[in-house]
Amino acid sequence: MSLTDKAIEQIRELIRSGALPPGSKLPPEPDLAAQLGLSRNLAREAVKALDVARVLEVRRGDGTYVTSLHPSLLLEGLGGAVDLLQSDAGALLDLMEVRRLLEPVATALAATRISDEDLAEAKRHLDAMREARDDVEQLNAHDAAFHRAVVAATGNESLVTLLEGVSGRTLRARIWRGLVDGQAAGRTLAEHEAIFRALSRRDAALSQAAALLHVSNTEQWLRDHLDATPVASGTPTTTDGDRSGQM
């Protein structure tokens, strides 16, 4: 470990131990450096790194504070990393594989916890998907919102943030599927309806199976088409008259 890495780890340990709980203010830089046995420069670099990581928040003229440490805040950077990876076909398939591993299990968990209000929210987006089947961008926006509502029903904020980072950012591939596969909208709507019916029955096993079929079909479609049409930063987006579909 570099000296800066060691300094970062020392501050993290203060946070982990509860010496610096969420919302607390760090000592002034000279005091922090002395407390940790660091030079002021190392303490400053460590604070900057943890500020970028959203663990700390530097408030000009006020000081440096430990953030809420909420999962949605700390894992926020995942989505940005996924955006950068989407130009790499292999990385996109890896992300779809991660989604296949996580989302069906999350859907099964949601089936055991979902409320009537959660179901109503999912149905609202499912109905909107039917209405927007000829509008690629709107259809995909409600597709993503449907899955977000389902995972949110688990009540697990870390799981919500992880899946949002992985699958919520694959919009480009979803739109691409709609452009080249005119049958995608009908098939995927049927798959979403199957997920919703299973959730309505609070059937965890059936919900997991329906979600697994949906994600697996999408993953297989990508595998079949990536060789012929590489995904790159210039992947097509919607234009007037485009046919719709999603993942």
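This report describes helix packing, nonpolar cores and a few individual residues in a predicted model.

Residues are numbered from 1 along each chain as its sequence is written, and side-chain values use heavy atoms, with hydrogens and water left out. Local features need pLDDT of at least 70 and side-chain atom pairs count only at pLDDT 80 or more, while totals for chains, interfaces and linings use all residues.

**Helix packing**

Helices and strands are DSSP runs numbered from the N terminus (helices H or I with at least four residues, strands E with at least two). The table gives two helix pairs, with axes taken as lines fitted to C-alpha atoms over the stretch in contact and angles running from 0 to 180 degrees between N-to-C directions.

| Helix pair | Axes come within | Crossing angle |
|---|---|---|
| α1 (residues 3-16) and α3 (residues 40-52) | 8 Å | roughly 65° |
| α8 (residues 136-152) and α11 (residues 184-200) | 12 Å | roughly 20° |

Angles under 35 degrees count as roughly parallel, over 145 as roughly antiparallel, 65 to 115 as roughly perpendicular and the rest as oblique. By the crossing angle, α8 is therefore roughly parallel to α11, and α1 and α3 are roughly perpendicular to each other.

A crossing is called left-handed if the near helix is turned anticlockwise from the far one by less than a right angle, and right-handed if clockwise. In these terms α1 passes α3 in a right-handed crossing. Contact, meaning heavy atoms within 4.5 Å, is made here by Leu3, Thr4, Ala7, Ile8, Ile11 and Arg12 of α1 together with Leu42, Glu45, Ala46, Val47, Ala49 and Leu50 of α3. These residues divide into 9 nonpolar, 1 polar and 2 charged, where Ala, Val, Leu, Ile, Met, Phe, Trp, Tyr, Cys and Pro count as nonpolar, Asp, Glu, Lys and Arg as charged, and the others, Gly among them, as polar.

The crossing of α8 past α11 is left-handed. On the α8 side the contact is made by Asp143, Phe146, His147 and Val150, and on the α11 side by His192, Ile195, Phe196 and Leu199, a set that divides into 5 nonpolar, 2 polar and 1 charged.

A nonpolar core is a set of buried Ala, Val, Leu, Ile, Met, Phe, Trp, Tyr and Cys residues joined through side-chain atoms within 4.5 Å; buried means under 20% relative accessible area, exposed over 50% and partly exposed in between, with a 1.4 Å probe and protein chains only. The largest such core has 17 residues, of which Ile11, Ile15, Leu26 and Leu56 touch the most other members. Helices α1, α2 (29-36) and α3 each supply at least two residues of this core, and α1 gives the most, with 5 residues. A second, separate core of 16 residues includes Ala111, Leu119, Val150 and Leu199.

Not counting residues up to four places away in sequence, leucine 26 touches Leu20, Leu32, Val47, Leu56, Thr64, Tyr65 and Val66. Threonine 64 is placed in strand β2 (residues 63-66) and is buried, with a relative accessible area of 14%. Beyond its neighbours within four places in sequence, the contacts of threonine 64 are Ser24, Lys25, Leu26, Val47, Leu56, Glu57 and Val58.

**Residues with positive phi**

Most residues other than glycine have a negative phi. Arginine 54, although not a glycine, has a positive phi of about 70°; arginine 54 lies in the loop between α3 and β1 (56-59) and, at 34% relative accessibility, counts as partly exposed. Leucine 69, also not a glycine, has a positive phi of about 60°. Leucine 69 lies in the loop between β2 and α4 (71-74) and is partly exposed, with a relative accessible area of 26%.
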